[in-house]
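Hi there,

Here is the structure I promised to pass on to you. Have a look at it first, and then read on for my notes.

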Amino acid sequence: MLIEKYATAFGKPSLTVHSLRHSFATRYHLENNDVPRLKNQLGHSSVQTTMIHT
């Protein structure tokens, strides 16, 4: 996977698509506090699922 390739090349082998998704969700939530929009950004059908990622 491309993410894993570059993560390893930059000395961050634990970086994954999943961790990037969580980081995006958390940062977006902290900066915008707009859960319905974040839910749409992440493609979730449930706000509860979105809150797990933040």
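Before the notes, a word on naming: helices are DSSP runs of H or I with at least four residues, and they are numbered from the N terminus. In that numbering, leucine 20 belongs to helix α2. Please keep in mind that this is a predicted model.

**The α2/α3 pair**

On the α2 side, the contact is formed by Arg21, Phe24, Ala25, Tyr28 and His29, while α3 contributes Val35, Arg37, Leu38, Gln41 and Leu42. Sorted by class, the residues in this contact are six nonpolar, two polar and two charged.

Between these helices sits asparagine 33, in the loop that links α2 and α3. Asparagine 33 has a positive phi of about 50 degrees, although it is not a glycine. Its relative accessible area is 57%, above the 50% cut-off, so asparagine 33 is exposed.

**Along α2**

Back to leucine 20: is this residue buried, partly exposed or exposed? With a relative accessibility of 36%, leucine 20 counts as partly exposed. Leaving aside neighbours within four places in sequence, leucine 20 touches Ile3 and Leu15. Leucine 20 and isoleucine 3 are 17 residues apart along the chain, and their C-alpha atoms are separated by 9.5 Å.

Arginine 27 is also found in helix α2. Arginine 27 has a relative accessibility of 57% and counts as exposed. From arginine 27 to isoleucine 3 there are 24 residues in sequence and 19 Å in space, C-alpha to C-alpha.

Histidine 18 and histidine 53 are 35 residues apart in sequence, with 9.6 Å between their C-alpha atoms.

Which side chain does histidine 44 join through a polar contact of 3.2 Å? The partner is arginine 21, which is also one of the α2 residues in the contact with α3. Histidine 44 itself lies in the loop between α3 and α4 (47-53). Buried means under 20% relative accessible area, and histidine 44, at 13%, is therefore buried. Beyond its neighbours within four places in sequence, histidine 44 is in contact with Arg21, Lys39, Thr49, Thr50 and His53.

Finally, threonine 54 lies in the segment after α4. Threonine 54 is partly exposed, with a relative accessible area of 30%. Apart from neighbours within four places in sequence, its contacts are Ala25, Thr26, His29 and Leu38. Among these, Ala25 and His29 of α2 and Leu38 of α3 also take part in the contact of the two helices. Threonine 54 and histidine 18 are 36 residues apart along the chain, and 12 Å separates their C-alpha atoms.

Best wishes

Conventions. Residues are numbered from 1 along each chain as its sequence is written. This is a predicted model: local features need pLDDT of at least 70, side-chain atom pairs count only at pLDDT 80 or more; totals for chains, interfaces and linings use all residues. Side-chain values use heavy atoms; hydrogens and water are left out. Contact means heavy atoms within 4.5 Å. Ala, Val, Leu, Ile, Met, Phe, Trp, Tyr, Cys and Pro count as nonpolar, Asp, Glu, Lys and Arg as charged, and the others, Gly among them, as polar. Buried means under 20% relative accessible area, exposed over 50%, partly exposed in between (1.4 Å probe, protein chains only). A polar contact is a pair of N or O atoms within 3.5 Å; within protein, one must be able to donate a hydrogen and the other to accept it, and residues adjacent in sequence count only if both atoms are side-chain atoms.
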